[in-house]
Amino acid sequence: MVSIQIEQIHPALTWRIRQEAMYPDKTLNDVKLEHDHDGIHFGLYAGDQLTSVVSLFEDGDTCQFRKFATLPESQGKGYGGLLLVHIINYNRKNGIKKLYCNARISATAFYTKYGFRQTNKTWTDKGFDFVIMELAL
């Protein structure tokens, strides 16, 4: 069994995993967010390898998570779920009332398992269909 550790990380550590998992045909510069340095970033380490990442951006008692990504070779092993539960609990402890994300339509079943509900806000960007999913905390 591989040891799992989740910790807060520097934003730059998220970029390679974002690029490999979400936009493999793009460059690292394409996956950087304008406000990355204003966010709180978490990484899940499987053994000594950074495997999953997520970035949180608070606005009052609401928090959006963005660029939630797991390395392709590590997907389907439960790492994303562990990281999602971690950020749900982190936000609850910090007084956040609503957690939300811009989810790819293809990922809605994953988020639903953790109590997120789809809104009616949908759009298409860069060839992907998205919906806002939210969780009341």
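**Figure 1. Cover of helix H1 in the predicted model.** The buried residues of H1 are covered by elements that include strand E1 (4-9), helix H2 (28-31), strand E2 (40-46), strand E3 (49-59), strand E4 (62-70) and strand E5 (98-104). The model shown here and in the other views is predicted. H1 spans residues 12-22, and its buried positions are Thr14, Trp15, Ile17, Arg18, Gln19 and Met22.

Figure 2. Seven strands form an open sheet with mixed pairing, in the order E1-E2-E3-E4-E5-E7-E6. E1 and strand E6 (117-125) are the edge strands; each has a single partner strand, so one side of each lacks a neighbour in the sheet. Ignoring direction, neighbouring strands of this sheet are turned against each other by 25° on average. Strands of a sheet pair through backbone hydrogen bonds, in either a parallel or an antiparallel sense.

**Figure 3. Pairing of E2 with E3, and the helices on the sheet.** The pairing between E2 and E3 is antiparallel and runs over seven bridges. Ala46 is placed opposite Gln49 in E3. H1 packs on the sheet, where it touches E1, E2, E3, E4 and E5. The direction of H1 makes about 105° with that of E3. Helix H3 (residues 79-93) lies across E1, E2, E3, E4, E5 and strand E7 (128-136). Relative to E3, helix H3 runs at about 30°.

Figure 4. Thr51 belongs to strand E3. Its relative accessible area is 1%, so Thr51 counts as buried, the cut-off being under 20%. Not counting residues up to four places away in sequence, Thr51 touches Ile17, Leu44, Ala46, Ala69, Thr70, Leu71, Ser74 and Tyr79. Gln8 is 43 residues from Thr51 in sequence, and the C-alpha to C-alpha separation of the two is 13 Å.

Figure 5. Gln64 is located in strand E4. With a relative accessible area of 13%, Gln64 is buried, because this value falls under the 20% cut-off. Leaving aside neighbours within four places in sequence, Gln64 is in contact with Ser55, Leu56, Phe57, Tyr100 and Asn102. In the order of the sheet, E4 stands between E3 and E5.

Note on methods: Residues numbered from 1 in each chain as written. Predicted model: local features only at pLDDT ≥ 70, side-chain atom pairs only at ≥ 80, totals over all residues. Heavy atoms only, no water. Buried < 20%, exposed > 50% of the residue type's maximum accessible area, 1.4 Å probe, protein only. Helix = DSSP H or I, 4+ residues; strand = E, 2+ residues; numbered from the N terminus. Contact = heavy atoms within 4.5 Å. Pairing = 2+ DSSP bridges. Axes fitted to C-alpha atoms, helices over the stretch in contact; angles between N-to-C directions.
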